[in-house]
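These notebook entries record what I looked up in the structure, topic by topic.

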Amino acid sequence: MAGLFGSLELAKKSLITNQYAFQVIGHNIANINTDNYTRRRIDLSPSSSVQLGGNTYGTGVDIAQVHGVRDRFLEYQIQRETQNSGKQGSMSGYFEIVEALFSEKTSTGIGTSMQSFFNSWSDLSNNPTGLAERYSVVSKGTILASKVKEIYTQLSSQQAIQDNTVYTTVQTINTAAKEIASINTKISAGLKVGEEMNDLRDRRNVLLEELGTQVGINVYENEAGEMTVEMAGKPFIVGGTYHPLEISRNGANHNFYDVSLTQSGPSVNITSSIKTGALGGILEMRDKTIPAYQNQLDSLAYGIITNVNAIHSTGYDTQGGTPTDFFVPFTPATAGDYTGAALHFEVNPDLVADPNRVAASSVNGEVGNNKVALALADLQRATSVVDSDNDGTFDAGTFSDYYGKLTTKIGAEALTTYSQETASGEVLVGLKNRRDEVSGVSLDEESSSLIQYEKAYQAMARFMNVISDMTDILVNLGS
Amino acid sequence: MRATESMWYRDSLFSINRNKLEFAKTIQQQSSGKRINTFSDDPAGSSFVVGLNDRKSQITQFITNVDRTQTLLSNTETAISQIQNVLNSAVTTLSQATTGTSGPEERALLAVDISEKKKQLLDIANTRVMDRYVFSGTNIDTVPYTETAGVVTYNGNDGLINSQVGASIQVTTNIPGSELFNDGSGDLFTFFENVQTHMLNNDSAALKNDVTRLGEFVKHISTERGIVGNRIAETTTIKTGLKEFSTNVTATISSIEDANMAEVISNLSKEELGLRVALQATARIQSTTLFDYLG
């Protein structure tokens with residue numbers, strides 16, 4: 001086809017092509033704020049030419065391809081970093097609460113409670129027959145015991161909240177996985193018929209990022225364009241099928257949720273293999289960080305209970321009563337295992353009911369004898385009063401040293417999490433910027449393309465106008 | 001290299017966020033006056049602060065203990081000085097009784113005086129300070145000396161009561177009557193009973209011996225007063241040391257925990273500027289696309 005009508009056809013086709021280009025530009029501009037959107041680029045190619053009388057004529061322009069401009073490597077890196085930032089993000093929130101629990105700012109922390117308790121014994125040593133001083137010893141002992149118990153309990157409720165979050169996170173993960181699997185199916189079907197499936201790819205990237213925020217995964221793309229997702233080294237999403245996560249209560253771990261991955265065979269418990277993502281962070285807090293703090297509170301409580309009792313039970317009150325324990329004694333189930341000591345921490349109810357029974361004297365009947373009160377006040381300076389390595393023997397420094405180390409541990413772990421969260425955020429910004437350098441929509445670029453295609457469209461319209469005029473001339477020849 | 005709008009917005013948002021967080025942290029430092037507001041602000045520092053606060057609270061308690069000890073000791077010293085007065089006047093009485101001119105009638109009168117002095121001594125020996133008998137050893141709620149039919153008996157013991165005034169310093173806060181009123185060779189009250197008897201019996205030879213014996217008692221009481229005086233001096237030195245120590249510890253805590261206000265305020269204005277710049281940069285992003293110049 002050549003000649004005027006051929007040119008008309010050429011003009012029409014080119015106008016349509018340019019209109020189509022407007023649509024792509026519009027799509028790009030419209031999605032400028034869409035997460036993970038990769039800009040589309042139009043590849044134009046000259047239409048196939050025709051041979052006519054030994055000459056070759058072009059027939060206009062065609063759209064060869066509209067493709068998403070993406071960098072797979074960057075996408076993987078973002079994927080990976082998201083898992084880190086998801087973990088630190090979930091942990092830092094919990095650390096803020098833990099830090100607030102232990103805070104000594106309100107002057108009712110464990111540190112100050114210990115000081116008040118031992119100083120109340122010193123006051124009693126100044127007035128060994130005093131009843132007011134005895135009331136004070138019992139009350140300071142009760143405050144110390146309940147402070148330790150309260151922090152321990154608050155840590156437990158944090159664990160309970162984290163455990164609930166495990167449940168909801170697993171639901172979120174399964175929902176995302178289900179959608180990824182179905183997108184996998186659509187993409188592989190589309191690719192077979194030659195479509196690029198850019199929009200679905202973008203959506204899948206959003207979902208994969210979301211999944212990575214929640215849990216550590218490994219992702220790779222197969223030839224069919226499907227994303228295979230592995231979790232804890234086991235297949236999680238393969239093509240159009242996904243293996244949902246399941247949760248079950250673990251009786252050996254406070255009845256907290258365990259996470260299992262369903263497989264073709266029996267489900268595999270992957271609780272301890274989930275290290276990253278929000279879920280990894282939650283599990284680390286629930287199963288490692290908080291139990292470690294609780295363990296230290298147990299050791300501290302056991303150290304105080306046992307050492308105070310050892311001295312108090314050798315002493316005499318002013319009433320000639322038999323020697324007794326100051327705190328309710330705690331016996332570890334096995335040597336070095338003080339689980340339950342903090343929760344068990346309380347002043348002997350006999351003494352609470354009758355503070356007269358608090359002992360200050362080392363000799364029965366010597367009411368002015370203050371040796372036991374002195375020894376108990378001196379306990380705050382005694383070393384080797386806490387079993388810090390759970391081997392069944394007291395080995396640490398003073399109570400205050402031990403508690404100081406605990407605050408450093410909490411502070412250091414919190415600080416690491418906060419700074420990793422910031423660092424990870426910074427890395428993600430960098431990576432996403434690099435991705436946007438490649439894939440992001442630039443309004444300048446789009447507006448210049450718009451001008452470009454507008455000019456081409458105007459020129460083609462003018463061309464069509466000329467052809468139309470020429471056709472008019474031809475039609476009106478001789479009239 | 002392409003630059004896209006989303007990059008600018010992301011960068012701006014990130015720096016606004018970071019500036020805001022820093023700003024909030026600095027404002028917290030300014031309002032609390034403390035550099036360490038949570039353990040994570042300085043993990044090692046917060047452990048120091050826990051240890052130092054413990055130290056400080058112990059020192060405060062030691063100062064309380066010293067004050068208490070000093071009250072007990074200075075009251076004890078006053079009592080001992082009263083004993084010295086009684087003994088000195090007893091010396092006069094005894095010397096009157098042993099001059100050549102002293103006859104049985106005069107000695108009988110002086111015996112009444114000695115009996116009176118014994119009563120005074122008994123009163124002093126039963127001194128109570130802060131609800132406790134200071135001369136009954138550890139039996140602080142037992143009247144240390146009681147008299148039945150002219151015979152005085154000691155109901156206390158020889159127990160000492162110590163007070164913790166330093167991490168490893170204890171000061172004894174009492175002198176048991178058994179030590180104060182007995183010089184090792186005999187009891188002061190028994191001595192006064194004997195003197196009385198000697199006077200009534202007009203026993204010149206025995207009274208002569210009594211003069212020597214009384215001299216020994218005067219010396220003994222003076223030694224005991226010296227001991228108490230030394231303890232008071234010792235506790236005063238300790239207290240001065242504790243106060244200095246407390247000031248130092250407080251200063252150290254402050255140097256670790258407290259914010260440097262000049263620095264905080266300069267940081268505050270620096271960060272405020274940073275925040276403003278970030279906000280302004282974000283506002284400018286709007287007007288930089290080609291679209292703005294197309295008709």
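**Entry 1: where the chains meet**

I began with the interface and noted that 42 residues of chain B are in contact with 48 residues of chain A. Two residues count as in contact if their C-beta atoms, placed from the backbone, lie within 7 Å. I then looked up the elements involved: α1 (5-32), α2 (43-98) and β5 (162-166) of chain B each supply at least two residues of the side that touches chain A. α2(B) gives the largest share of that side, 13 residues. Helices (H or I, at least four residues) and strands (E, at least two) are DSSP runs, numbered from the N terminus. I sorted the residues of this side of chain B into 14 nonpolar, 20 polar and 8 charged. Here Ala, Val, Leu, Ile, Met, Phe, Trp, Tyr, Cys and Pro count as nonpolar, Asp, Glu, Lys and Arg as charged, and the others, Gly among them, as polar.

I note that this is a predicted model, in which local features need pLDDT of at least 70 and side-chain atom pairs count only at pLDDT 80 or more, while totals for chains, interfaces and linings use all residues. Residues are numbered from 1 along each chain as its sequence is written, and chains are lettered from A and ligands numbered from 1 in the order in which they are written.

**Entry 2: chain B as a whole**

I found 7 helices and 6 strands in chain B. I read their order along the sequence as α-α-α-β-β-β-β-β-β-α-α-α-α. The C-alpha atoms of chain B fill a box of roughly 140 × 30 × 25 Å along the principal axes. Its radius of gyration is 38 Å, whereas a compact globule of 295 residues would have one near 19 Å; the radius is taken over C-alpha atoms, and the globule rule is 2.2 Å times the number of residues to the power 0.38.

I also looked up the domains, whose bounds come from an automatic or database domain assignment. Chain B is divided into domain 1 (5-34 + 259-293) and domain 2 (61-252), and 76 Å separate their C-alpha centres.

**Entry 3: the nonpolar cores**

Which residues have the most contacts inside the largest nonpolar core? I listed Val148(A), Ala177(A), Ile180(A), Leu300(A), Ala301(A) and Leu376(A), in a core of 96 residues. Such a core is a set of buried Ala, Val, Leu, Ile, Met, Phe, Trp, Tyr and Cys residues joined through C-beta atoms within 7 Å. A residue is buried if 20 or more other C-beta atoms lie within 10 Å of its own, exposed if 12 or fewer, and partly exposed in between, with C-beta atoms placed from the backbone. Helix α4 (residues 131-192) of chain A gives the most to this core, with 16 residues. Among the residues that Val148(A) touches are Ile110(A), Leu297(A) and Phe345(A).

**Entry 4: a sheet in chain A**

I traced an open sheet of 4 strands in the order β5-β6-β7-β8 (chain A), with antiparallel pairing. Two strands pair if DSSP finds at least two bridges between them. Its edge strands are β5 (218-221) and β8 (241-242) of chain A. I followed one row across: Val219(A) stands opposite Val229(A) in β6(A), Val229(A) has Ile237(A) in β7(A) as its bridge partner, and Ile237(A) is partnered by Tyr242(A) in β8(A). In the hairpin of β7(A) and β8(A), Gly239(A) in the turn has a positive phi of about 60°.

Conventions. Lists of a residue's contacts leave out its neighbours within four places in sequence.
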